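User: Can we go through this one together? I'd like to start with the ligands and then look at a sheet.
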Amino acid sequence: DPVIRLATTTSTDNSGLLAHLLPTFEQQTGFRVQVIATGTGKALRHGRNGDVDVVMTHAPAAEAQFVEDGFGRLPRQLMANDFVLLGPSSDPAQIKHSQDVHDAFRRIAQSRAGFVSRGDESGTHMKELAIWQSAGIDTNFTGYAAIGQGMGPAMLTASEMGAYVLADRGTYLAFRDKLQLEVSLEGDASLLNPYQVILISDRKYPDLNHAGALALSDWLISPQGQQMINDFTIDAQPLFQATYKVAP
Amino acid sequence: MNDGMLSVFQQGIVLLFSFDPDVWAIIAVSFSVSLRAMAIILLPAILLGFGLAVSRFPGRTGVISLFQTLQAVPTVVVGLIAYLMLYRQGILGDLRWLFTQNAMVLAQIFLALPVLVSLSYGAFSSGDWRAWETARTLGAPRYRAFLTLCHELRAPLLVAVIAAFSRIITEVGASMLVGGNIHNVTRNIPTAIALETSKGEFAQAAALGTVLLLLALFINFSLGSLRNQQEGLRRG
Amino acid sequence: MNDGMLSVFQQGIVLLFSFDPDVWAIIAVSFSVSLRAMAIILLPAILLGFGLAVSRFPGRTGVISLFQTLQAVPTVVVGLIAYLMLYRQGILGDLRWLFTQNAMVLAQIFLALPVLVSLSYGAFSSGDWRAWETARTLGAPRYRAFLTLCHELRAPLLVAVIAAFSRIITEVGASMLVGGNIHNVTRNIPTAIALETSKGEFAQAAALGTVLLLLALFINFSLGSLRNQQEGLRRG
Amino acid sequence: MQLYAHDLEIHFGQRRLFQIPQLQLNPGQRIWLRGANGAGKTTLLKILSGLQKPSRGRIALHGEANPPARWRSSNLLQGRIVYLHQNPYLFDGTVEENINYGLKQLALTVDEQRQRREQAIELAQLSDLRHSSAQVLSGGERQRLALARAWVLRPAHLLLDEPTASLDCDSIAAMAGMVDELQRQGCGLLLTSHQHTALTEACQQIWRLEKQQLICETQQELSA
Amino acid sequence: MQLYAHDLEIHFGQRRLFQIPQLQLNPGQRIWLRGANGAGKTTLLKILSGLQKPSRGRIALHGEANPPARWRSSNLLQGRIVYLHQNPYLFDGTVEENINYGLKQLALTVDEQRQRREQAIELAQLSDLRHSSAQVLSGGERQRLALARAWVLRPAHLLLDEPTASLDCDSIAAMAGMVDELQRQGCGLLLTSHQHTALTEACQQIWRLEKQQLICETQQELSA
Ligand SMILES: Nc1ncnc2c1ncn2[C@@H]1O[C@H](COP(=O)(O)OP(=O)(O)OP(=O)(O)O)[C@@H](O)[C@H]1O
Ligand SMILES: Nc1ncnc2c1ncn2[C@@H]1O[C@H](COP(=O)(O)OP(=O)(O)OP(=O)(O)O)[C@@H](O)[C@H]1O
Ligand SMILES: [Mg+2]
Ligand SMILES: [Mg+2]
């Protein structure tokens with residue numbers, strides 16, 4: 001069975017990363033990869049149900065649960081990208097002067113400048129909530145708008161409203177010329193966004209294409225795979241950073 | 001997920017009768033938007049369908065084809081068109097309607113109009129012209145003759161209205177784009193369902209779908225009395 | 001976004017005639033899935049609509065209301081139901097249809113059936129029973145009498161078929177869920193549009209919408225010849 | 001009120017059905033319109049009642065306060081010049097509802113309405129069927145109902161297209177009674193029929209549609 | 001082939017329309033079915049042609065290889081016992097297409113089909129209108145077309161519901177010619193009519209629907 005079904009998040013597929021990687025893998029191994037790009041929650045759900053052969057997501061807590069429940073095996077951290085805080089160029093909350101991301105979020109809440117939240121329990125949304133929490137701020141302030149939509153619409157909404165928004169860099173680069181937003185803050189360590197590739201339990205679902213899934217996982221962490229991840233750029237900007245380390 | 005379809009359905013019933021204010025806010029947005037859109041187009045669309053069925057003018061079949069074709073424009077695209085009109089630089093940008101219910105009403109008007117026009121064209125074109133003539137000769141002014149014809153054709157017209165309303169009450173692409181799915185403001189049942197689904201909360205999504213189904217059933221059975229009267233095909 | 005609606009439309013025309021293999025693969029998936037779904041339900045649904053219009057049995061109005069109501073189930077929810085049947089633990093899980101075109105056909109059948117049944121019920125219920133009687137007495141077997149009645153009512157039936165087909169060819173929620181939007185396998189025009197929209201490629205999305213619109217126009221004008229013959233309302 | 005037609009002509013494609021320089025229908029007059037099948041009787045009646053537009057010419061009502069009404073320019077003809085279809089169309093509903101249809105349009109008290117309705121149902125011998133659905137009526141009953149529905153309006157002119165075609169003697173007598181009553185009240189009557197019946201006997205004039213023209217004769221000429 | 005009915009009875013709700021213990025229609029026979037408006041003539045004809053189900057009783061065709069056919073159990077009645085509606089329904093299409101409708105059902109060569117069609121169009125005097133849409137025909141033309149459409153089938157029995165109601169003398173003569181021709185070929189004819197015409201004159205029997213019963217008389221008795 002040469003078909004591998006990969007459930008992953010929209011960010012990897014929409015950014016063009018998979019289109020950059022997979023042809024080489026397919027050529028070398030003879031497998032064909034069918035990509036089902038959805039939200040992290042749904043991708044893991046497909047994994048739990050045994051409807052896909054391998055998942056690639058970016059929600060550490062949910063992934064840990066997934067492995068712990070016995071549905072996933074062999075989680076490998078293969079790459080990361082980062083989140084950026086976007087805002088109008090006038091910078092009403094004075095983010096430019098903030099020390100770190102927590103300070104920036106505090107300023108947004110205090111300035112009553114708007115903030116658009118995806119509100120869809122996606123990886124990005126989880127991240128944002130975690131930051132609000134560690135900054136010690138309740139999201140009930142007036143400027144906070146949870147819109148329950150994808151990254152693109154969230155940025156467009158923020159752009160229309162002149163509000164701030166937390167976005168992943170890949171999607172931001174794709175949307176950049178449609179937005180009247182700028183990067184207000186980037187590079188903070190807590191804005192890192194790690195991706196894992198996880199195989200599906202072969203005891204629960206013995207008839208899946210485990211050989212293909214393993215081959216894909218192996219190839220992704222191989223020197224060639226890691227190199228190709230680092231080589232991927234949009235507008236000459238690298239998007240993902242290969243992070244696989246051989247387990248100690 | 002493991003709790004099967006039946007329990008999802010039960011959950012929907014519980015949700016509906018729990019009077020959860022969040023759920024009812026969503027329901028209110030759905031119905032207020034879609035009913036407003038229907039109210040605005042109902043008469044013009046049916047009149048247009050009537051006109052297309054009974055009149056003869058050059059290009060008539062072209063117009064009919066056009067309305068039928070417009071049904072095949074995906075809702076997202078209709079949403080995009082509405083968006084391009086409403087965003088800050090759009091021709092209607094000054095209205096500042098984006099992300100309001102008005103924007104959703106506008107998009108839903110675009111969506112329902114072709115459906116209602118072409119279905120009521122279909123309904124009228126199988127009608128009997130003598131009904132119109134009889135009404136007129138018995139002294140009915142034009143508007144009453146039209147209403148009489150509508151009454152004679154109430155079964156297919158009712159079906160047409162229900163089809164058009166179903167299209168917009170279940171529509172997600174356009175509402176999401178121009179409404180923005182803002183909690184308590186523009187989040188309606190379909191966008192809420194889309195949100196729950198994207199979260200992987202399938203049970204919650206299905207429960208919301210059940211809510212819509214139950215409300216639709218309720219409306220339908222109330223309209224059923226209208227339909228009851230018509231006793232099969234005309235025999236004379 | 002800034003390049004206005006006209007240029008988007010142009011882009012769509014260019015896209016259609018560029019014979020870009022990717023675009024045509026998407027078009028092929030859309031039409032092969034939706035046409036298969038229509039082909040499967042066409043006859044049963046129209047027969048059912050006919051039966052509901054001409055027969056009298058207890059619970060008949062209940063059945064009619066049910067079909068009309070089922071139109072108001074959002075496509076995502078229909079997709080969910082199909083998903084719950086098709087996923088590994090579902091009753092049809094052993095077919096392993098999830099993320100294949102067959103799954104999309106199944107979901108689209110659920111979507112189109114209520115629309116077609118209730119609209120053809122509407123069409124037949126404004127028909128003239130003498131047409132059936134005349135056909136039968138002139139020696140036509142039942143199937144031919146039925147076809148004759150369909151021919152007499154071709155305007156509203158054609159409109160019904162077009163409405164049902166439009167519903168499934170533009171539908172995104174169910175196809176996305178059970179098809180998975182896999183490139184070259186289950187990506188159809190609406191899911192491709194949704195994808196492009198989520199990537200912010202609005203022009204590309206609108207261009208794909210234009211492609212669908214153009215194809216629908218083409219189909220519609222070919223069907224137009226059918227419609228042309230019917231000369232307004234019956235006068236006798 | 002006089003019904004007046006001027007310079008009527010009607011074509012269907014290449015075919016000219018008839019051409020009538022002038023035509024006049026007076027109150028209280030009863031005229032028998034004759035002609036072979038396909039001569040154009042139905043078409044002429046529809047034109048005179050304002051339901052169909054002639055290829056050329058115009059229709060007017062004279063002798064009232066309002067200026068003459070042009071074709072379809074208003075509702076003036078409708079309800080005052082009533083046309084009865086050759087195959088009447090009955091509205092979905094009961095016999096009584098059909099009779100009420102035109103009545104609702106008139107400025108009558110509820111009492112007057114009821115009175116006219118009861119009278120019409122009685123004259124048309126539909127008492128037993130008053131609550132039946134109009135769709136199940138027999139051919140003759142349909143004709144009687146159609147006349148009753150027009151009769152309650154007390155029109156200025158009544159144009160009857162083959163009103164007695166499928167009626168038995170009793171029904172014809174009932175129809176004749178209703179029509180005579182209308183004539184006494186000054187209603188102008190124009191009727192087509194291929195049979196000699198009580199209705200046609202009382203006609204003072206015969207109009208013949210022949211060779212694309214309308215020829216008037218009086219009944220005496222005919223019998224002579 | 002004999003058309004045979006046994007123990008027919010029909011009710012509408014509480015109302016009993018008629019009850020007929022037995023009834024028989026022979027080949028080559030011509031019968032005039034009479035009765036007041038609303039007596040149930042149309043209903044009886046529809047039942048005999050298998051279009052409507054009686055409340056009780058059954059219809060059969062005797063005298064052929066096949067066993068007697070029960071009501072609606074098959075297609076045996078259809079096309080051989082042809083019923084002509086009081087207000088004929090014409091299919092959307094031209095006059096010629098209407099005539100072709102039943103012909104297509106028969107196992108005839110193209111030549112035979114053409115021959116029958118031409119003959120029918122001629123007899124029904126529809127030559128000028130053969131390519132017109134059937135929807136624009138006048139009342140009389142509709143009747144003639146409906147008969148022509150049935151005539152080409154050479155049915156075993158033809159049930160005519162008021163075929164001459166809106167016909168002029170010429171048309172009646174044309175109708176009579178067609179009907180006589182069928183009778184010569186052994187077709188059984190049952191017709192209703194409120195008028196004495198050339199069609200009714202040649203009837204050997206009169207059936208009367210009266211007081212919920214069917215009474216048979218021969219034409220002689222009547223004239224006596
Ligand atoms: N809309 C139309 N288009 C073309 N021809 C028409 C149209 N309406 C009527 N005709 C033709 O005009 C002729 C006259 O029709 P009309 O119904 O006026 O006849 P009539 O005198 O009432 O005949 P009958 O006694 O049979 O009812 C018919 O031959 C008919 O075919
Ligand atoms: N489906 C029905 N339900 C109830 N009553 C009916 C139905 N069909 C017919 N009738 C009634 O039965 C009676 C007989 O109808 P039918 O049409 O057989 O009469 P008919 O003898 O043909 O009369 P006519 O000479 O006026 O055509 C009528 O009074 C009619 O109202
Ligand atoms: Mg006529
Ligand atoms: Mg009858």
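Predicted model: local features only at pLDDT ≥ 70, side-chain atom pairs only at ≥ 80, totals over all residues.

User: Where does ligand 1 lie?
Analyst: Ligand 1 sits between chains D and E. It is surrounded by 20 residues, and the closest include D:Lys41, D:Thr42 and E:Ser138.

User: Which elements supply the shell around ligand 1?
Analyst: Chain D gives β2 (15–25) and α1 (41–48), and chain E gives α4 (139–151); each supplies at least two residues.

User: What kinds of residues are in that shell, by class?
Analyst: The shell around ligand 1 has 6 nonpolar, 10 polar and 4 charged residues.

User: How far is the side chain of D:Lys41 from ligand 1?
Analyst: A polar side-chain atom of D:Lys41 is 2.6 Å from an oxygen atom of the ligand. From chain E, a side-chain N or O atom of E:Glu141 lies 2.8 Å from an oxygen atom of ligand 1. A polar backbone atom of E:Gly139 is 3.2 Å from an oxygen atom of ligand 1.

User: How much of ligand 1 does the protein cover?
Analyst: On its own, ligand 1 has 640 Å² of accessible area, and the protein covers 85% of that.

User: OK, ligand 2. Which residues come nearest?
Analyst: Of the 20 residues around ligand 2, the nearest are D:Ser138, D:Gly140, E:Lys41, E:Thr42 and E:Thr43. Ligand 2 also lies between chains D and E.

User: Which side chains have an N or O atom by an oxygen atom of ligand 2?
Analyst: E:Lys41 has one at 2.6 Å, and E:Arg15 has one at 3.1 Å. Taken alone, ligand 2 exposes 650 Å², of which the protein buries 85%. Two or more residues of its shell come from each of α4 (139–151) of chain D, and β2 (15–25) and α1 (41–48) of chain E.

User: Now the sheet. What is the strand order?
Analyst: In chain E, an open sheet of 6 strands runs β5-β6-β7-β3-β8-β9, with mixed pairing.

User: Why is one side of β5 and of β9 left without a neighbour?
Analyst: β5 (81–84) and β9 (213–218) of chain E are at the edges and have a single partner strand each, so one side of each has no neighbour in the sheet. From one strand to the next, the twist averages 20 degrees.

User: Do strands pair through side chains or backbone?
Analyst: Strands of a sheet pair through backbone hydrogen bonds, parallel or antiparallel.

User: In which sense do β5(E) and β6 pair?
Analyst: β5(E) and β6 (residues 157–161) of chain E pair in the parallel sense, over 4 bridges. E:Leu84 stands opposite E:Leu160 in β6(E).

How values were computed: Residues numbered from 1 in each chain as written. Chains lettered and ligands numbered in written order. Heavy atoms only, no water. Pairing = 2+ DSSP bridges. Axes fitted to C-alpha atoms, helices over the stretch in contact; angles between N-to-C directions. Near = heavy atom within 4 Å. Polar contact = N/O pair within 3.5 Å; in protein donor to acceptor, adjacent residues only side chain to side chain. Areas by Shrake-Rupley, 256 points an atom, 1.4 Å probe, with all protein chains shown as cover. Nonpolar A, V, L, I, M, F, W, Y, C, P; charged D, E, K, R; others polar.
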